[in-house]
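This report goes through one protein model from its sheet to its core, its salt bridges and its surface.

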Amino acid sequence: MVQRKIKLRLDEVKDFVAAASRCSFDIDISYNRYIVDAKSIVGVLGLDLAQVLTVSYSGYDPEFEELMKKLAPAC
């Protein structure tokens, strides 16, 4: 299980959810005790985007990894 810390802005949520939706494996995004499916735009928008979020997944997709690299340094 890979866990990455990211920071999402409101304008990045759509791209993040779209990239997660193209992956064949499950992806969760969490903050404190709230865990939502990263493929759900409503779920992601329900999180506190002002906080650092944790993305958990157990597969590999090059496009998703590239997006994670872009979002991770912002923390």
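The sections below cover the basis of the model, the sheet, the core, the salt bridges and the surface.

## Basis

The model is predicted: local features need pLDDT of at least 70, side-chain atom pairs count only at pLDDT 80 or more, and totals for chains, interfaces and linings use all residues. Residues are numbered from 1 along each chain as its sequence is written, and side-chain values use heavy atoms, with hydrogens and water left out.

## Sheet

An open antiparallel sheet is built from 4 strands in the order S1-S4-S2-S3. Strands are DSSP runs of E with at least two residues, helices are runs of H or I with at least four, and both are numbered from the N terminus; two strands pair if DSSP finds at least two bridges between them. S1 and strand S3 (34-37) are the edge strands, each pairing on one side only. On average, neighbouring strands of the sheet are turned by 25° against each other, direction ignored. The axes behind this angle are lines fitted to C-alpha atoms, for helices over the stretch in contact, and angles run from 0 to 180 degrees between N-to-C directions.

S4 (residues 53-57) pairs with S2 (residues 27-31) over 4 bridges and with S1 over 5 bridges. Tyrosine 57 in S4 is the bridge partner of isoleucine 27, while serine 56 stands opposite aspartate 28. Threonine 54 in S4 stands opposite lysine 5.

## Core

Why does S4 count as largely enclosed by the rest of the structure? Because 5 of the 5 residues of S4 are buried, where buried means under 20% relative accessible area, exposed over 50% and partly exposed in between (1.4 Å probe, protein chains only). Leu53, Val55 and Tyr57 point one way from S4, and Thr54 and Ser56 point the other way. In a regular strand the side chains alternate between the two faces of the sheet.

The largest nonpolar core has 23 residues; those touching the most other members are Ile6, Leu8, Phe16, Ile27, Ile29, Val55 and Phe64. A nonpolar core is a set of buried Ala, Val, Leu, Ile, Met, Phe, Trp, Tyr and Cys residues joined through side-chain atoms within 4.5 Å. H1, S2, S4 and helix H3 (62-71) each supply at least two residues of this core, and H1 gives the largest share, 5 residues.

## Salt bridges

The whole structure holds 4 salt bridges (a side-chain nitrogen of Lys or Arg within 4 Å of a carboxyl oxygen of Asp or Glu). One of them joins arginine 4 and glutamate 65 at 3.1 Å, N to O. Arginine 4 lies in strand S1 and glutamate 65 in helix H3, so this pair ties together parts 61 residues apart in sequence. Arginine 4 is partly exposed at 26% relative accessible area, whereas glutamate 65 is buried at 10%.

Arginine 22 and glutamate 63 meet at 2.4 Å, N to O. Arginine 22 is in the loop between H1 and S2 and glutamate 63 is in helix H3, 41 residues apart. Salt bridges that share partners join Arg9, Asp11 and Glu12 into one network.

## Surface

Leu10, Ile41, Val42 and Leu45 form a nonpolar surface patch with about 400 Å² of accessible area together. Patches are made of residues with over 30% relative accessible area and no salt bridge, like charges being joined within 9 Å and nonpolar side chains (Val, Leu, Ile, Met, Phe, Trp, Tyr) within 5 Å. Accessible areas come from the Shrake-Rupley method with a 1.4 Å probe; for residues, only the protein chains shown count as cover. Leucine 10 lies in the loop between S1 and H1 and is exposed at 61%.
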